[in-house]
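Open the model in your viewer and keep the selection panel at hand. Each stop below says what to select and what is there.

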Amino acid sequence: MSINVGDYVLLIYDRKRRWLLKAEEGKIHHTHKGMVNLDDIIGKPYGTMVLSNLNHKFYAVKPTPMDLLLKMQRATQIIYPKDIGLILLNTGVVPGSRVVEAGTGSGALTSILANYVKPSGRVYSYENREEFLKIARKNLEKTGVLDYVELKNKDILEGIEEKQVDAVILDMATPWLAVKLAYDALIAGGHFASYSPTIEQVQKTVKELEKQNFIDLTTLECIVRYINVEEGKTRPETRMIGHTGYMTFALKVL
Ligand SMILES: C[S@@+](CC[C@H](N)C(=O)[O-])C[C@H]1O[C@@H](n2cnc3c(N)ncnc32)[C@H](O)[C@@H]1O
């Protein structure tokens with residue numbers, strides 16, 4: 001697959017130095033390792049090596065949905081890939097799934113959900129703040145998945161319009177207030193997930209889930225350590241992300 005004008009390209013120098021660029025004719029990308037002329041990659045296959053004018057090697061690869069997510073404009077705190085992976089697996093989202101989500105925020109989770117439910121599924125994403133929705137729309141356009149998302153400038157607490165959905169996923173300040181609405185919107189056997197930075201939010205949400213016919217309540221967090229692999233000094237990196245959020249999952253039964 002070759003790189004055409006207008007395509008997104010991830011230009012990699014090393015693990016920490018990488019840029020998401022649009023392939024444009026005549027465009028020069030400046031780095032501290034020299035300038036890269038994007039004309040040198042247009043028409044070449046993804047994976048192509050290109051030399052800067054200082055003779056350093058860069059690689060032009062196809063960005064994954066995760067690369068696109070990490071380079072999105074952020075209007076709000078986003079859910080990170082390590083947590084999104086678990087949300088996808090625990091909610092059973094697959095191509096064709098119909099998923100309700102709130103709030104949209106910057107659209108990071110939305111973009112990955114859309115990538116999984118496409119082409120026949122849909123993400124119905126509620127966000128009560130229009131300014132965030134505008135940024136999310138741009139991010140979803142940029143990641144090429146807007147067609148699979150219905151963005152709704154609505155407070156989810158005023159009601160979930162969709163019925164018989166496969167999953168309801170909440171990343172909002174007061175998820176416990178939406179638990180009953182989620183129950184009513186889900187199919188039997190449908191999945192509930194909420195993502196909250198504090199234990200107090202988790203406790204309130206779990207209490208509400210227990211009042212409804214939800215089973216298999218599970219709360220967890222995901223801690224990831226990167227490992228520096230080097231002959232004779234392989235060990236975890238010194239710095240790490242300590243905490244992002246807790247995830248609570250539950251299954252609707254009748
Ligand atoms: C942390 S952000 C969501 C980030 C998003 N998951 C992402 O990955 O980009 C939380 C969002 O929930 C929205 N929100 C809070 N309460 C809401 C409600 N009742 N209905 C709809 N959106 C709500 C906020 O405006 C905010 O944009």
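**Stop 1: Asp14 and Arg17**

Select Asp14 and Arg17 and show their side chains. The two meet in a salt bridge, with N and O 2.4 Å apart. The coordinates here belong to a predicted model. Colour by accessibility next. Asp14 is partly exposed, at a relative accessible area of 25%. Arg17 counts as partly exposed too, at 30%.

**Stop 2: the two domains**

Now zoom out. Colour residues 8-63 as domain 1 and residues 67-252 as domain 2. Their centres, taken over C-alpha atoms, lie 33 Å apart. How many residues of each domain are in contact with the other? Domain 1 gives 8 and domain 2 gives 6.

Turn on a surface. Together the domains bury about 680 Å², with 58% of that area on carbon and sulfur atoms. Pick out Tyr8, Arg15 and Leu20. These three supply 60% of the area that domain 1 buries against domain 2, more than any other three residues.

**Stop 3: Arg15 across the boundary**

For polar contacts between the domains, the count is 2 residue pairs. On the domain 1 side, highlight strand E1 (8-12) and strand E2 (18-22), the elements that give two or more residues to the face touching domain 2. By class, that face has 4 nonpolar residues, 4 charged residues and no polar ones.

**Stop 4**

Centre on Glu237. Where does Glu237 sit? The residue lies in the loop between strand E14 (235-236) and E15. Is Glu237 buried or exposed? Glu237 has a relative accessible area of 18%, so the residue counts as buried, the cut-off being under 20%. The pairing with Arg15 is also a polar contact between side chains, at 3.1 Å. Show the other neighbours. Beyond four places in sequence, Glu237 is in contact with Arg15, Lys16, Tyr226, Ile227 and Asn228.

**Stop 4: Asp67**

Move to Asp67, which belongs to helix H1 (residues 65-70). Asp67 is buried, with a relative accessible area of 11%. Select its contacts next. Setting aside residues up to four places away in sequence, Asp67 touches Leu10, Arg18 and Lys62.

**Stop 5: helix H2**

Select residues 81-91, helix H2. Which residues of H2 are buried? They are Lys82, Asp83, Ile84, Ile87, Leu88 and Thr91. Just after H2, Gly92 takes a positive phi of about 65°.

**Stop 6: more salt bridges**

How many salt bridges does the whole structure hold? A search finds 11. Go to Glu161 and Lys154. Their side chains meet in a salt bridge, 2.7 Å from N to O. Glu161 is partly exposed, with a relative accessible area of 45%. Lys154 also counts as partly exposed, at 35%.

Next, select helix H6 (residues 199-211) and find Glu208 and Lys211 there. These two form a salt bridge, with the closest N and O atoms 2.8 Å apart. Why are Glu208 and Lys211 about one helical turn apart? Because they are 3 residues apart in H6. Lys211 is exposed, with a relative accessible area of 58%.

Conventions. Residues are numbered from 1 along each chain as its sequence is written. This is a predicted model: local features need pLDDT of at least 70, side-chain atom pairs count only at pLDDT 80 or more; totals for chains, interfaces and linings use all residues. Side-chain values use heavy atoms; hydrogens and water are left out. Domain bounds come from an automatic or database domain assignment. Contact means heavy atoms within 4.5 Å. Buried area is the accessible area (1.4 Å probe) that two parts lose on being put together, summed over both. A polar contact is a pair of N or O atoms within 3.5 Å; within protein, one must be able to donate a hydrogen and the other to accept it, and residues adjacent in sequence count only if both atoms are side-chain atoms. Helices (H or I, at least four residues) and strands (E, at least two) are DSSP runs, numbered from the N terminus. Ala, Val, Leu, Ile, Met, Phe, Trp, Tyr, Cys and Pro count as nonpolar, Asp, Glu, Lys and Arg as charged, and the others, Gly among them, as polar. Buried means under 20% relative accessible area, exposed over 50%, partly exposed in between (1.4 Å probe, protein chains only). A salt bridge is a side-chain nitrogen of Lys or Arg within 4 Å of a carboxyl oxygen of Asp or Glu.
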